[in-house]
Amino acid sequence: MMNVNFEIAKTHLLAKPRQTLIAMLGVTFGIGMYILMISFMQGFNEFLEDTLLSSTPDVRIYNDIKTDFSHSILDEISDTGKVMNVIHHPKPKDITPNLKSSSRIIEDLKKDERVLAVSPQLATQVFYVSGPVQINGTLSGVNILEEARLTGLQPKMKTGKIENLLTIDNGILMGHGLANKLNVHVGDMISLATPKGTAMRFRIVGTFQFGIGSLDNIKSYVNLSKVQQLVGKDNQYVTDIGIKLKNYDNATDVAKEFSARYSYKADDWKTTNASAMVSILIRNVMTFVVSFTLLVVAGFGIYNIMSMTIQNKLKDIAILKAEGFSSGDIRQIFLTESVTIGVFGALSGLMLGFVLSSGVYSLPFPKNDFISITHFPVVFHLKHYAFGMGFGIITTFIAGLMPSIKAGKIDPVAILRG
Amino acid sequence: MDDSNKYDKTKASLSGRFGGATVLSARNLSKSFYEPEEFQVLKNVSFDVQKGEFVSIVGKSGCGKSTLLYLISTLDTEYKGEIFMNEKKVTGLSQNELAHFRNEHIGFVFQFHFLLPEFSALKNVMLPAEKLGKYSKSECEDRAYEKLKWLNMDKFALKLSSKLSGGQQQRVAIARALINDPTIMMGDEPTGNLDSTNTDIVFDILKDLCKSKGQTIISVTHDTEFAQKSDRIIEMKDGEIVKHEG
């Protein structure tokens with residue numbers, strides 16, 4: 001049997017369908033907009049995070065060159081009590097930015113059970129020479145199979161295959177934007193020159209597109225030995241070690257530990273992409289602030305309508321109390337009304353949100369050289385819908401609570417006497 | 001003559017006639033209002049009501065008769081003195097206990113009908129029974145139909161209560177007051193808002209209830225004609241019982 005309090009609440013709600021509907025629409029729009037915003041923002045964040053993660057290793061160990069030369073070796077050999085050494089404009093000579101004993105570090109890292117893959121690389125500045133045009137860029141010498149495990153290069157290939165790098169002696173994988181600028185395609189030859197004057201010719205065996213302009217427009221991959229050859233160094237010479245972890249959320253702690261253990265600088269992916277991480281954070285905060293505001297406004301609407309309803313029903317409340325309904329019963333009746341508005345409003349809000357975000361998902365993304373997506377990134381996470389539902393119900397509960405408590409406290413005698 | 005003597009005398013004069021149990025005893029009820037200024041509206045009021053009596057409380061407006069009714073109906077709990085109903089002390093019970101007590105033992109009929117406008121006549125009558133929870137829903141419905149039929153209102157049972165005339169509404173209100181077979185039916189000017197024809201109908205119903213079903217009725221009224229026809233009149237003036245006719 002339906003509880004008599006619920007029955008009264010139901011009758012009240014159905015007796016004024018328009019008012020009930022308007023109160024519900026407030027919640028519907030609030031929740032709908034929340035779902036739309038969170039799905040879209042989260043989609044964009046996830047897309048961005050995915051892009052960042054696929055283009056940067058979880059942890060990168062490199063030699064951070066110091067530029068502080070105020071301390072001179074002369075001070076070590078002379079008596080500073082009597083002599084003062086002054087050197088104007090000190091400059092380094094023949095500093096090598098490589099990681100010393102890199103092979104030992106790599107061996108050690110491969111034994112670490114948190115590490116999934118290790119890829120040594122040698123990065124250098126190069127000029128891409130195409131006839132009279134010279135474009136400044138970077139060249140990474142890698143073991144391409146290890147690098148692919150690290151960065152997810154494989155699915156980002158636009159033309160060609162990464163394995164081509166292994167089969168063709170002087171192959172090069174080039175950023176798609178860069179290849180376009182140079183007007184070269186798979187099979188074409190390209191000359192590379194280092195700042196030190198050495199030069200080499202490579203054959204393009206593939207192009208990749210990470211979707212990040214700062215990589216696609218300047219970067220190329222060749223085999224590690226080729227770059228060592230190009231810069232005239234031995235086969236132990238590497239400048240960076242990229243590491244992929246089993247759990248990339250640990251990157252910050254692991255980077256700190258590696259930095260201390262190998263006494264080289266180690267950056268986690270969050271540090272490397274600090275500005276992007278900040279924008280992700282800002283988008284998250286914004287989404288919650290806007291959604292919260294929408295729901296609070298809806299809550300005030302419900303508060304208003306419930307207060308008005310109770311004001312109009314003073315006589316009914318008095319009569320119910322005279323008939324034997326307690327203060328708790330009266331509270332339950334009006335709280336039920338407001339939470340019912342919340343439940344149905346939130347449910348239709350979830351549907352509205354789903355329809356709207358599906359609509360946004362099907363929109364084509366404006367064509368863009370820097371971001372390689374075809375439509376707006378939207379995610380459909382159950383937890384967002386559960387949160388929206390919960391938040392809608394809690395808001396309406398709180399909004400209905402105060403008027404309901406007030407209704408429960410109404411003194412029937414004062415009203416019945418007129 | 002002190003209060004206790006007055007009470008004993010009343011009891012002695014009435015118990016013989018009705019011979020039934022005392023369903024209501026009011027003992028030394030006093031009440032003051034403090035707003036806008038202190039004013040003692042009831043002064044040491046004591047009286048008893050026997051089962052099956054039809055009692056009218058009369059007096060000029062402001063004499064405290066309505067206040068007295070709200071005290072004995074347990075709606076108003078701020079007073080000095082004690083109230084017993086069915087030999088149970090109701091003074092000092094919690095609000096929730098009182099609500100349940102009212103539900104089971106008291107039926108109200110007010111001057112302005114006070115039916116719930118969104119509900120049908122039948123539902124209005126059923127609600128107190130459903131609240132009591134003693135009967136199943138279908139039993140509640142049967143009982144409500146039975147009461148409405150007795151009041152000749154069964155053909156309007158499914159009509160929205162706000163669509164009924166004043167006299168019809170008051171009869172539905174009486175049916176509602178009776179649904180839980182209350183110990184006492186309390187009326188606050190039950191005919192005060194009705195024309196003479198309907199006043200007669202309502203009075204005849206109450207009288208019949210009292211006679212044929214032994215329903216105890218306490219009603220506040222300033223309609224002297226109405227009061228004259230009841231079993232007993234308690235006349236009040238300035239917060240005191242000045243005349244007790246029966």
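**A helix crossing, a chain contact and a sheet**

Let's start in chain A of this predicted model, where helix α1 (residues 4–15) and helix α14 (residues 327–362) bring their axes within 9 Å and cross at roughly 50°. That angle is why α1(A) counts as oblique to α14(A), and the crossing is right-handed. If you want to pick out the residues involved, α1(A) puts in Asn5(A), Phe6(A), Ile8(A), Ala9(A), His12(A) and Leu13(A), while α14(A) answers with Asp329(A), Gln332(A), Ile333(A), Thr336(A), Glu337(A) and Thr340(A). Sorted by class, that contact has five nonpolar, five polar and two charged residues.

Both helices turn up again where chain A touches chain B: α1, α13 (314–323), α14 and α16 (412–416) of chain A each supply at least two residues to that side. The contact between the chains takes 20 residues from chain A and 21 residues from chain B. On the chain A side, α13(A) gives the largest share, with six residues, and the side as a whole divides into nine nonpolar, six polar and five charged residues.

Now hop over to chain B. Here four strands make an open sheet, in the order β2-β1-β4-β5, with antiparallel pairing. β2 (39–50) and β5 (88–89) of chain B sit at the edges with a single partner strand each, so one side of each has no neighbour in the sheet. Zoom in on β1 (residues 22–33) of chain B and you'll find eight bridges joining it to β2(B), the two running antiparallel; Ser32(B), for instance, has Gln40(B) in β2(B) as its bridge partner. Finally, helix α2 (residues 65–72) of chain B lies across β1, β2 and β4 (80–85) of chain B, running at about 125° to β1(B).

Note on methods
Residues are numbered from 1 along each chain as its sequence is written. Chains are lettered from A and ligands numbered from 1 in the order in which they are written. This is a predicted model: local features need pLDDT of at least 70, side-chain atom pairs count only at pLDDT 80 or more; totals for chains, interfaces and linings use all residues. Axes are lines fitted to C-alpha atoms, for helices over the stretch in contact, and angles run from 0 to 180 degrees between N-to-C directions. Angles under 35 degrees count as roughly parallel, over 145 as roughly antiparallel, 65 to 115 as roughly perpendicular and the rest as oblique. A crossing is left-handed if the near helix is turned anticlockwise from the far one by less than a right angle, and right-handed if clockwise. Two residues are in contact if their C-beta atoms, placed from the backbone, lie within 7 Å. Ala, Val, Leu, Ile, Met, Phe, Trp, Tyr, Cys and Pro count as nonpolar, Asp, Glu, Lys and Arg as charged, and the others, Gly among them, as polar. Two strands pair if DSSP finds at least two bridges between them.
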